[in-house]
Every structure is written in C-alpha cells, then in structure tokens.
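Take a short walk through this structure. Have the sequence and the 3D view side by side.

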Amino acid sequence: MVETVKWTPEGVVMIDQTKLPRTVEFVTCRTYEEVADAIRTMVVRGAPAIGVAAAMGVALGVVRTPAELLEREFPKICATLAATRPTAVNLFWAIDRMKRLYESLRGASAERVREALVAEALRIYEEDIAVNRAIGAHGAPLVPDGRSVLTHCNAGALATAGYGTALGVIRAAAEAGKRVHVFADETRPFLQGARLTAWELMQDGIPVTLITDNMAGHFLKSGRIGCVIVGADRIARNGDTANKIGTYPVAVLARENNVPFYVAAPISTLDLTLASGDLIPIEERPAAEVTHVFGVPLAPEGVAVENPAFDVTPARYITAIITERGVARPPFEESLPALAAAPQTEEVRP
Ligand code: MRU
C-alpha cells in the first residue's frame, strides 16, 4: 500500500499529492517549516494525514533545535504547524498531544525529550493505521454486497497514515469477500476524487468509476448505489459534519433517494467542544484553485471567486457515523459522547 507520510533520518517524507496521478514523486521535509508548507499547499492532505504530518513536524522541530533554544522555540514550532489549515481538528488534536507530552517532560534532558517526541509521533502514525482497520471492521457489514458505493473527495490511504477511513470501510468489505464497486465524485476544485481516489482504488484492484460532481444525483436516483460513505474533517457534538465541499449536496440527494449516508472517521475527528456544525471554522482557499486547472485559466481574469474548502452536512442527513470504537447512530448528542468516553479497544491500544 502507498506510504503517504513517513519518518526517516533525513526528515519527513511525503508522497506529493499535488502531482498524483501523473507522477509519483516524494518530497523530503527537512525542517518543521517545510512540513508546515507541505500541509498548507496540500502536498499532504486529508484530516488524519495532516495530524500525523503535524506530529512528525513537531518532532522534527524538536530534533533540529539546539537544546538551549528548545524552551523558547517549542511554542513557535507548534504555532507554525497549527496555523496551516483551520478545519480538520485532527491537526490540533495531534499537536496538543505532542504539547502535553513535552510539558510532562519538563526537567528531562534534551536527549530524552527528543526521543520521547519522536516515539510519540511514530505512535500517532501507527495508531492511525490500526484505527482505520478498526473503522473498516465496524463499517464493512454496512456495505451492501453487489451494489455500488458513492464517495466524495479522498478518505483513503492517501488521506491517512494508511488504509483509509471511508475507503478503509470499502477495503474491509472487499477483503470480507463482498462484491464492491465505487463511484468516485471528481471533487472540484482540487480533484481529490479524480486524481487520488480513482488512482488509489485502481492500485488496489477495487472497481471504480469516476463521475463529475454534478452526476451524483443522477446515479443516486438510478437505484444502483447501495450507500454513500465519506470521511470527515470535524464532527460537532450534535453530529453535524464538516467534510470536503460538495459533501452536503450529496447527503441531501442521498436522503431524497432513500440511500443510507455514512460518515467514517476516527474519534480524533470529534470536536465535542462544539455544540453544532455552525461553529466549525471553514477554510477559504486561493481563488486560483477555482479559476485555473493545472495552471490553465478557465475563467475571465479578475472574476470574483469564493473557494470554501469544506461544507457542513447537518446531522439529520447522516444515517450513522462509523468510528474505531463502534457505529454511532442518532441521536448523536448521546451516541458520540458515549463512544468518545468508551475505553480504547484492544487492537488500537499502543
Ligand atoms: O482538503 P482536503 O483534501 O484535506 O480534504 C479532505 C477531506 O475532506 C476528507 O474527506 C477528510 O479529510 C477525511 S480524510 C480520511
């Protein structure tokens, strides 16, 4: 399986997701600033993957900072990585976890701090793969045999440390012997569906058909789609879910056509501090992503553009949220806090 992000002695190595699928290139980030740039420019993207990259970025910053400057530099390292993308809560979750460990090591030698922070970043990486496999195991029974699954954006191995959340559920269903076929929305403007989901599933031999975003309603109405499964960037306490722009209309169309709509996400994507999705910050990205495709202009120069990278699907459209600790069903105000408080299951524990 593809390695999205990896810790090496030279630095943090990432597959360059801005270049896929035309070329498979790897980028080595040798400083924490380079990791921050890679997150901002979407060399690495997807909520869990940016969490893992940020944790490795913090570790890299600590390893490369002279011991006498660490006390002063550590807050700057964390703040730089936290300022990259605002919506996916996994980024802040991972940085907070690194911060807590750092604070607990006050008074320890620089060597000990470095070792512990690198080990923690590697643990976040390994846990993410285990979490995705557990999400897959909980979600696979929900995938109907012999029908198609529609997905939006890329919530696969490329969006995580490996295996994927939404695509992890599809992989687990295929591994369990179910006949699965995926409709992948192209996902304008960044084309994660066309470029990444289609590529990743083809690498794995899982049948996939690419459609443009405006075809989703047509296929949901056709009766060929057994369920929709998407990932998430942040889930509020009431179940409202931020995910890639264009997810909300898919959820409404799924409801209109009586097709179950599932969100697959780790517990680290829950933000129980937010009462509803109205409070989730939505990233605005550069206008050029809308006016240009691969550097070629499509629109008249100077046209006004808005480019929100995410939308919020109201909880009422979500059939269930699949996590590594089980499947949450409405009312989510009750089921999500209960899952968040549940003990970590054996297979995911470090
Ligand atoms: O802007 P991106 O590509 O980082 O957005 C990614 C998504 O919206 C994914 O669906 C989400 O992060 C879940 S990834 C397992």
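Start with M42. In this predicted model, M42 has a relative accessible area of 1%. Buried means under 20%, so M42 counts as buried. M42 sits in a loop, between α1 (32-40) and α2 (47-64). Its backbone also stands out. Most residues other than glycine have a negative phi. The phi of M42 is positive, near 70°, and M42 is not a glycine.

Now move to T187. Here too phi is positive, at about 70°, in a residue that is not a glycine. T187 lies in the loop between β5 and α7. Is T187 buried or exposed? T187 is buried, because its relative accessible area is 0%.

Most peptide bonds are trans. The bond from R188 to P189 is cis, with omega near 5°. P189 belongs to the loop between β5 (181-185) and α7 (192-204). Which other residues does a cis peptide bond join? P330 and P331 are joined by one, and omega there is about 0°. P331 is placed in the loop between β16 (326-328) and α11 (332-341).

Finish on a strand. S148 is part of β4, which covers residues 148-151. Its relative accessibility is 9%, so S148 is buried. What does its side chain meet? The side chains of S148 and H181 make a polar contact of 2.8 Å. Beyond its neighbours within four places in sequence, S148 is in contact with H181, F183, R224, I225, G226 and C227.

Terms used
Residues are numbered from 1 along each chain as its sequence is written. This is a predicted model: local features need pLDDT of at least 70, side-chain atom pairs count only at pLDDT 80 or more; totals for chains, interfaces and linings use all residues. Side-chain values use heavy atoms; hydrogens and water are left out. Helices (H or I, at least four residues) and strands (E, at least two) are DSSP runs, numbered from the N terminus. Buried means under 20% relative accessible area, exposed over 50%, partly exposed in between (1.4 Å probe, protein chains only). A polar contact is a pair of N or O atoms within 3.5 Å; within protein, one must be able to donate a hydrogen and the other to accept it, and residues adjacent in sequence count only if both atoms are side-chain atoms. Contact means heavy atoms within 4.5 Å.
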